[in-house]
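Please look at the sequence and the structure below. A few questions on side-chain pairs and strand pairing follow.

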Amino acid sequence: MKIVIADDYQDCVRSLDAFKQLEGQEVKVYHDTLTDLDALSARFQDAEALVLIRERTPITAALLERLPNLKVISQTGGGAAHVDMEACSRHGITVMRGTGSPYAAAELTWGLVLAAMRHIPAEVENLKAGRWQRTLGTGLKGRTLGIFGYGKIGSLVARYGQAFEMNVLVWGREGTRQRASDAGLEVAKNQADLFQRADVLSLHLRLNDDTRGIVNAETLDQMKPTSLLVNTSRSQLVAPGALERALKAGRPGQAAVDVFDAEPVFENSLLGLSNLVATPHLGYVEKDSYELYFGDAFSNLLAYINGQPVNNLAG
């Protein structure tokens with residue numbers, strides 16, 4: 001089968017143990033990201049199967065109209081919101097999704113917390129430039145960690161906070177609040193209470209119509225001038241432009257983000273702010289996670305090719 005793997009930024013997929021599953025198949029791997037419809041359709045024109053790396057390339061109805069040979073899409077990870085499922089159904093294209101792991105994203109989240117609170121990136125650069133001890137960091141013990149969304153990743157980050165002897169405060173939907181209460185954690189009175197009290201506030205919400213822009217100028221203005229906002233979930237949870245304006249106004253005092261509205265990022269005014277620590281969407285970009293994600297995607301694809309039952313159909 002003619003297989004195309006898109007958006008392998010680091011040129012690492014062929015080095016994975018999981019890639020051995022595709023021996024004997026005709027595989028093309030691309031390392032750059034295209035957004036132009038004509039360019040994308042030309043690249044995918046001969047593909048019978050697409051393997052998608054998370055949400056890096058949206059598969060739209062307009063694109064699918066131009067891909068007459070496409071039979072199957074195998075998605076890394078469990079999400080398929082970037083794929084027009086209705087259009088796939090019309091064209092008879094099977095969409096499969098795999099599983100994921102919360103650990104890499106949770107660990108990256110905690111790395112950003114430590115990096116921002118202790119000004120680690122700035123001090124690394126200071127030291128390399130011959131400048132000694134130019135900032136005064138803030139410890140975590142005894143401070144309040146706010147968790148907005150207590151799912152798989154949020155619950156891990158809460159446990160990391162407890163290991164650092166932080167007070168954990170949780171808010172979210174009813175299920176979130178119940179799970180947090182069952183775990184013995186304090187539940188905030190409401191969303192405003194969470195934003196007002198947190199010294200470190202970490203977002204762990206799914207992106208949907210209800211959560212898009214749920215963090216806005218008003219909610220950010222409720223944060224302390226000494227607080228840190230962390231977002232390793234989805235950039236669109238924050239209203240457009242709200243974070244940049246809030247950081248310039250000093251509430252919150254800092255932010256650490258791993259996600260952006262449009263990726264990959266080559267220019268973004270946020271990156272020029274001294275009170276921002278940012279990484280290029282590294283949350284799940286870790287070898288064990290890649291082996292898991294691609295192992296599932298390739299196994300599902302081989303099952304489809306061999307006419308075996310596929311249990312991970314998206315829909």
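Q: Is Arg-197 buried, partly exposed or exposed?
A: The model is predicted, local features need pLDDT of at least 70, side-chain atom pairs count only at pLDDT 80 or more, and totals for chains, interfaces and linings use all residues. Residues are numbered from 1 along each chain as its sequence is written, and side-chain values use heavy atoms, with hydrogens and water left out. Buried means under 20% relative accessible area, exposed over 50%, and partly exposed in between (1.4 Å probe, protein chains only). The relative accessible area of Arg-197 is 30%, so Arg-197 is partly exposed.

Q: Which residue meets Arg-197 in a salt bridge at 3.0 Å, N to O?
A: A salt bridge is a side-chain nitrogen of Lys or Arg within 4 Å of a carboxyl oxygen of Asp or Glu. The partner lies in strand β8 (residues 186–187) and Arg-197 in helix α8 (residues 191–197), 11 residues apart; helices (H or I, at least four residues) and strands (E, at least two) are DSSP runs, numbered from the N terminus. The partner of Arg-197 is Glu-186.

Q: Is Glu-291 buried or exposed?
A: Glu-291 forms a salt bridge with Lys-287 (2.8 Å, N to O), and both lie in helix α11, four residues apart. Lys-287 is partly exposed at 48%. With a relative accessible area of 17%, Glu-291 is buried.

Q: In β5, which residue is the bridge partner of Ser-74?
A: Strands pair if DSSP finds at least two bridges between them. Four bridges join β4 (residues 72–75) to β5, which run parallel. The partner of Ser-74 is Met-96.
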